[in-house]
Amino acid sequence: MSLPPKDHLSSTTSDSTKQSSTPSFLASFLQTIKDIFSDKGVLLLLLIAPIIYGFFYPWPYSTEVVNHVPVGIIDNDNSNLSRTIVRYASASPQLDTQLFLNEQQAKEAIWSDEIAGYMVIPSGLEQQVLSGKAASVSVLGNGGYFLLNKNVQMGFLKAVSTVSAGIEVKKNVAQGAYSATAAANTQAVPLVIVPLYNQTEGYGAYVVPAVSILILQQTLLIATAMLIGTWYEQRRHATSIRGWLGRIAALSMFSFIIGCFYYGWTFELHHYPRGQNMIGSLLFLLLFCPTVATLGCVLGLWFRQRERSMQILIFSSLPMFFVSGYPWPADQLPTVLQIIRWFIPTTPGINTSVQLNQMGASISQVSTGFYALAALWVFYFALLMWVRWHDTNKALKTVS
Amino acid sequence: MHPMKLSKAFLRSAAYERRFLTENPWDFSMVVWIPLATVLLIWWIFSQTQITDLPIGVIDQDNSPIANTAVRYLEASPTLTVRQLYYSEAEAKAAILQRDIYAIVIIPEDFSRHILSGKPAPLILQVNAQYGTHSGIIQTSVQAVAGTLSAGVEIQRLVKQGMAPSQAAIAYSPIGIQRISLFNAATDYQQFLASTVIPALLHILAMVIGATTIGRELRDKRLGHWYRFISTGHPDLTRITKNESTSGQILNAVENNQYLSKNDQISVSSHANEDMTESTNVLVLLFGLLGKYFWPTLAFSIWAMLALWLATPQESVAMSSVLATYAGLILLIMLSFWLGAVFTLGSFSLRMGLSATGFISAPSYAFAGVTFPYIAISDSARHWSDALPLTHYLKLHIAQLQMQAPVAVSLPIVYGLAIATTIAMTLTTLLTKRALAHPERWGAR
């Protein structure tokens with residue numbers, strides 16, 4: 001690590017004279033691969049970091065579904081009915097119940113993160129139910145944590161509804177209804193939910209396939225800008241149009257391989273939905289990786305320094321993810337952002353990849369994504385050529 | 001140690017850093033413009049605090065008045081919008097695959113017949129569960145619509161049997177449930193996501209600055225110069241004439257990796273070596289480092305204030321809670337500076353320091369237990385989560401600003417962050433001392 005690629009720097013600067021002759025696509029492709037393998041920093045970012053992330057990022061989500069959320073119950077009624085409710089709640093797989101004496105205690109437990117919510121059974125509940133008066137229990141979830149709150153509410157709702165339905169059934173039967181229909185009657189319009197694609201509704205299966213495309217982009221972007229920035233310092237950055245294409249091809253190749261590793265190995269390992277449209281997914285990578293690499297080249301020429309790409313780009317992952325339209329619906333974004341976000345490859349990239357690989361859309365169904373990526377590639381390449389033209393002009397001026 | 005000498009070291013170092021920042025727009029941006037833009041951008045992203053009008057499709061195979069009512073209820077739900085009625089499942093599936101809609105509600109053929117004959121008449125919701133946020137909201141909303149329909153049907157049936165409407169409502173559901181969301185009751189995403197993502201990003205940016213501020217001295221082999229200047233004031237690195245400084249600039253950024261010529265380097269290294277091994281004073285070093293990080297600390301204490309001002313909800317949060325959170329955020333940021341420095345000095349390389357910074361800080365929000373709850377994080381990953389300062393800060397942030405917990409509940413976290421910051425600061429000082437003693441390892445890229 002500590003050894004600077006010093007000798008390599010000086011030796012390569014000496015052949016920079018050769019580079020004024022226009023290199024072919026293949027020569028530039030091979031030279032770039034050689035340079036990547038002799039530069040530990042670039043290799044670490046381009047190849048090793050995304051592999052480590054492939055294991056690291058899914059790690060917290062390996063339980064996938066949130067169960068046994070610790071909750072509290074305050075039973076102020078202490079009747080047969082309230083004890084039945086407590087029993088049903090504690091039998092729920094979603095909840096892990098514990099009793100508290102009063103609300104203050106329960107609140108303190110929420111503040112210290114011991115429980116995620118609690119239910120209050122008011123005194124006189126049984127009395128009211130038996131006399132046919134309106135009665136209710138209160139469920140208090142912690143709005144500070146969305147996913148937990150949903151679990152607390154649903155867990156208690158199910159337990160109380162079951163007990164409540166039992167009372168209703170008993171009354172209906174007493175009133176002469178058939179008990180079979182009475183039991184079925186508890187919900188006149190039940191909702192049958194069919195989760196598509198991510199059928200287990202796992203959190204990792206939802207978030208990781210999208211984040212891996214973001215990881216692919218960020219590692220390729222930073223590594224490319226680092227390599228080009230290093231070449232800029234060494235005055236080796238200038239090359240022909242074919243030379244640039246060769247560089248882009250070489251850099252994209254590495255991320256293409258990593259993308260295949262994600263699709264074929266990481267998703268498989270964690271049992272995420274995957275490979276629904278494999279050919280489409282590969283075509284996507286074939287377009288996505290060069291687009292990102294081209295943007296990386298432009299940024300490298302702008303940053304002009306080896307370490308700057310990391311310095312500037314590390315923080316950008318989170319904002320880019322939030323404007324991609326995946327975790328947060330894009331039409332909820334302010335209008336200006338809805339336009340700006342299309343300049344980032346992950347904006348069409350994440351959705352297109354998920355639609356192809358997780359959902360199994362056909363290529364024509366994601367054509368917008370493909371067109372957007374192609375347009376971005378053309379745009380970035382035009383930018384790159386403009387910078388190149390600008391640079392050579394300046395060089396000519398200084399010579400003359 | 002003479003206090004004068006320490007304050008001089010601090011002031012000289014701060015002046016040195018001021019000059020650097022004013023001459024290097026990229027580094028200046030990292031301290032000022034980028035964090036400011038980031039805070040505002042995140043707040044802006046979530047400026048529409050509620051998710052509304054998620055597009056869904058309906059297949060109505062029943063075409064009865066009751067089915068129409070169901071569609072009307074779906075349309076009336078603020079979180080949903082019925083984009084289109086579809087006539088075949090294939091058509092609707094294609095629309096889901098193209099992401100025109102995120103779910104289909106199917107009203108089966110015999111829907112009204114079942115209702116009229118008193119049998120359960122299910123609605124079918126096919127939802128794109130791959131899009132977790134969308135799916136969760138759609139499920140809750142459609143469930144609510146089904147509940148409303150059920151209650152209407154049931155109560156009507158009981159009324160038909162001769163029960164008074166008020167009594168029917170009770171008979172339908174003997175035990176009602178009052179669902180109360182304590183804190184953030186309006187499920188406001190700006191409160192939930194934006195207010196927690198901003199500290200996460202400040203943490204990332206602060207670690208990057210922590211790494212670069214000391215790392216660039218290592219990379220440019222100027223660490224010895226810097227120390228000699230802060231301890232003796234010679235040569236004066238803040239008062240180079242404009243000409244010299246700009247030529248130095250070009251030499252720095254453009255020409256041959258901003259290095260001095262070979263001969264110079266050797267003389268500097270040997271110089272540095274003599275100086276450092278004999279007389280590196282830890283306290284002077286500490287005050288010099290504090291001076292070096294003075295500007296980022298100042299800037300970030302303003303950004304932290306802005307972040308908390310945005311994150312404090314309208315209803316009054318106790319002043320003491322805001323102060324405790326602010327103390328926590330400042331400590332998190334300072335800790336981040338020192339941690340970035342520790343990773344850089346530990347590896348003798350700015351690049352490695354930044355790599356470690358990226359690896360630790362960039363995914364830390366995923367491990368912090370906000371979007372995916374802490375208690376659900378797998379046991380092994382929880383150790384990593386516990387080791388991240390962000391996890392602890394966000395616990396404090398949510399408890400104080402959103403749950404209105406008494407300050408005493410969160411004070412242990414403030415103390416913990418303070419201890420961690422002190423340790424990281426001490427470690428940075430000692431590692432800088434070590435770095436000064438090894439000039440042969442400077443200049444790694």
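This briefing walks through a two-chain model, from its overall make-up down to single residues.

Welcome to the structure: it is a predicted model, in which local features need pLDDT of at least 70, side-chain atom pairs count only at pLDDT 80 or more, and totals for chains, interfaces and linings use all residues. Residues are numbered from 1 along each chain as its sequence is written, while chains are lettered from A and ligands numbered from 1 in the order in which they are written.

**The two chains**

- Chain A has 16 helices and five strands; helices (H or I, at least four residues) and strands (E, at least two) are DSSP runs, numbered from the N terminus.
- In chain B, the secondary structure comes to 20 helices and five strands.
- Of the 400 residues of chain A, 51% count as buried. A residue is buried if 20 or more other C-beta atoms lie within 10 Å of its own, exposed if 12 or fewer, and partly exposed in between, with C-beta atoms placed from the backbone.
- For chain B, 49% of its 445 residues count as buried.
- The corresponding share in chain B is 78%.

**Domains of chain A**

- Chain A is divided into domain 1 (6-61 + 202-399) and domain 2 (69-184), with bounds that come from an automatic or database domain assignment.
- The centres of these two domains, taken over C-alpha atoms, are separated by 52 Å.

**Where the chains meet**

- The contact between the chains takes 103 residues from chain B and 98 residues from chain A.
- On the side of chain B that touches chain A, helix H7 (residues 132-160) of chain B gives the most, with 13 residues.
- That side of chain B has 62 nonpolar, 33 polar and eight charged residues. Here Ala, Val, Leu, Ile, Met, Phe, Trp, Tyr, Cys and Pro count as nonpolar, Asp, Glu, Lys and Arg as charged, and the others, Gly among them, as polar.
- Strands also pair across the two chains: strand S4 (residues 135-142) of chain A and strand S5 (residues 175-182) of chain B run parallel, joined by eight bridges. Pairing requires that DSSP finds at least two bridges between two strands.
- Within this pair, Ala135(A) has Ile175(B) in S5(B) as its bridge partner.

**Parallel strands in chain B**

- Strand S1 (residues 54-60) of chain B runs parallel to strand S2 (residues 80-85) of chain B, with five bridges between them.
- From S1(B), the chain crosses through helix H4 (residues 65-76) of chain B to S2(B), in a right-handed β-α-β crossover. Right-handed means that, with the strands pointing away from the viewer, the path from the first strand over the helix to the second runs clockwise.
- S1(B) also runs parallel to strand S3 (residues 103-107) of chain B, and four bridges join them.
- Val58(B) stands opposite Leu85(B) in S2(B) and opposite Val105(B) in S3(B).

**Cores and an enclosed helix**

- A nonpolar core is a set of buried Ala, Val, Leu, Ile, Met, Phe, Trp, Tyr and Cys residues joined through C-beta atoms within 7 Å. The largest one has 244 residues, of which Val105(B), Leu202(B) and Val208(B) touch the most other members.
- Helix H9 (residues 203-233) of chain A gives the most to this core, with 21 residues.
- Leaving out residues up to four places away in sequence, Val105(B) touches Ile56(B), Val58(B), Leu74(B), Leu123(B), Leu125(B) and Val142(B).
- Helix H13 (residues 282-292) of chain B is largely enclosed by the rest of the structure, because eight of its eleven residues are buried.
- The buried residues of H13(B) pack against several helices of chain B, including H1 (3-23), H14 (294-311) and H20 (407-436).

**Two leucines to look up**

- Leu44(A), in helix H3 (residues 40-56) of chain A, is partly exposed, with 19 other C-beta atoms within 10 Å.
- Apart from neighbours within four places in sequence, Leu44(A) is in contact with Ala49(A) and Ser355(B).
- Leu396(B), in helix H19 (residues 389-402) of chain B, is buried, with 28 other C-beta atoms within 10 Å.
- With neighbours within four places in sequence set aside, the contacts of Leu396(B) are Thr325(B), Gly328(B), Ser410(B) and Ile413(B).

Technical notes: Contact = placed C-beta atoms within 7 Å.
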